[in-house]
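Me: I am new to this structure and would like to understand the labels used for it. Could we take them one at a time?

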Amino acid sequence: MNRRQLQRASLALAGRGQVVRTRGTSDAPLWWFRSPAQADQGSEDWADLMARRDWARGERLIVAVLNPAIGQLIEAGALRYGMQTLVPDAADLLEAMAEVPARYVVTSPLAAFRMLLQGMLDGVEELWLTGDVTGQGALEQRIREFAPDTIVRNVYALTEHPGPVAVSCAAGRWHFLEDQLDVELVHPRTGARAEPGQPASVRLTRHWDDALSLDRYDVLDLVTALEHPCPCGDGGSMTSTTPWGRLTDLRAIQGGWISPSHLAQAWFRTEGLSDRLKASLVWDDEAECEVLQVRCAVLHGYDPDRTVARLKELLQRTTRVAVAVEAVKPANLWPDVSCHIEEGRDNPPDARDMLD
């Protein structure tokens with residue numbers, strides 16, 4: 001069953017419940033029906049994850065995520081667990097933190113990066129990054145260097161499942177919470193179970209409340225399946241890398257593909273870059289090759305030429321394509337909510353065909 005079929009089936013459900021929606025920034029929006037029982041189970045699952053992390057009850061938690069339906073459940077789980085909560089808009093996180101410091105924070109990777117640049121991670125004991133692109137650990141490494149007292153974990157959350165889907169360990173792997181849901185890692189092209197080292201799409205099983213039927217479908221997030229056991233010592237759960245991005249966000253290049261995570265690896269590892277960056281993949285007729293064009297903003301006090309050269313070097317190493325980088329004034333770049341590569345070519349090939 002595809003996303004559209006699931007959407008129609010979900011909206012056809014009658015009775016009490018909440019209709020929720022994905023952001024739809026990289027694919028068609030998905031509307032989803034969540035029953036009161038599912039919401040209650042989801043908040044219990046979030047509370048259980050906080051208990052596993054041994055959070056201090058009574059302390060303050062700030063939840064600033066892009067999808068309010070997910071934020072509501074995390075807040076409900078925190079209240080169930082015994083936390084004091086604050087749920088600002090994701091765009092207002094910095095202002096909220098300046099006025100109301102918190103010991104625990106759940107937010108998006110780019111919002112966390114902005115906290116780092118503003119020196120606002122002091123006093124944050126544990127930071128949960130939602131399952132967006134973090135550059136395969138590059139952001140976590142950067143935070144450890146400048147805020148060593150802050151523990152960073154990735155938490156994978158989906159509109160289609162009320163509780164957490166996976167959480168990262170100290171080794172940076174996602175551990176899927178298989179005791180709480182049905183999830184598989186399948187090859188994006190063949191649909192067969194992904195072997196260790198292969199690209200994999202996350203597949204969920206949807207159980208309908210009013211029937212014994214169930215449906216399986218891919219949520220389109222691309223990861224890499226990993227071998228057991230995990231270096232962290234937990235060998236009981238299925239593991240993968242953090243996401244490369246949505247399958248629809250991949251870009252085909254000669255001989256392979258690039259993803260938002262390739263872009264994020266270079267971005268978060270280049271000291272001196274601000275939180276504003278735009279990237280587009282275009283075709284250069286003269287050179288007869290793809291070129292990754294990047295516009296970025298350099299922080300005050302850093303040498304623009306050296307910062308641009310460093311970013312270009314890292315991008316060429318991670319993407320294996322020609323790169324052109326231009327530093328511009330921050331006012332010329334609006335801050336974004338997610339990391340992505342715009343498609344600037346006519347009739348580009350489907351990057352999913354390049355997955356092997």
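Me: Why is Ala-309 called partly exposed?

Reply: This is a predicted model, in which local features need pLDDT of at least 70, side-chain atom pairs count only at pLDDT 80 or more, and totals for chains, interfaces and linings use all residues. Residues are numbered from 1 along each chain as its sequence is written, and side-chain values use heavy atoms, with hydrogens and water left out. Buried means under 20% relative accessible area, exposed means over 50%, and partly exposed is what lies in between, with a 1.4 Å probe and protein chains only. Ala-309 has 45% relative accessibility and therefore counts as partly exposed. Ala-309 is part of helix H8 (residues 304-319), where helices (H or I, at least four residues) and strands (E, at least two) are DSSP runs numbered from the N terminus.

Me: How do you know whether Val-167 is buried or exposed?

Reply: Val-167 counts as buried because its relative accessibility is 12%. Val-167 sits in strand E8 (residues 161-168), and, leaving aside residues up to four places away in sequence, the residues that Val-167 touches include Leu-49, Arg-153, Trp-174 and Leu-177, a contact being heavy atoms within 4.5 Å.

Me: What makes helix H5 largely enclosed by the rest of the structure?

Reply: Helix H5 (residues 109-117) is described in this way because eight of its nine residues are buried. Among these buried residues are Leu-110, Phe-113, Met-115 and Leu-116. The buried residues of H5 pack against several elements, including H4, strand E5 (104-107), helix H6 (138-146) and strand E17 (273-284).

Me: Which residues form the nonpolar patch on the surface?

Reply: The nonpolar patch consists of Leu-11, Val-19 and Trp-31, which together have about 270 Å² of accessible area, computed by the Shrake-Rupley method with a 1.4 Å probe and, for residues, with only the protein chains shown as cover. Leu-11 belongs to helix H1 (residues 3-11), and its 43% relative accessibility is why Leu-11 counts as partly exposed.

Me: What is the phi of Gln-136, and what is the phi of Leu-220?

Reply: Gln-136 has a positive phi of about 55 degrees although it is not a glycine, and Leu-220, which is not a glycine either, has a positive phi of about 75 degrees. Most residues other than glycine have a negative phi.

Conventions:
Patches are made of residues with over 30% relative accessible area and no salt bridge: like charges are joined within 9 Å, nonpolar side chains (Val, Leu, Ile, Met, Phe, Trp, Tyr) within 5 Å. A salt bridge is a side-chain nitrogen of Lys or Arg within 4 Å of a carboxyl oxygen of Asp or Glu.
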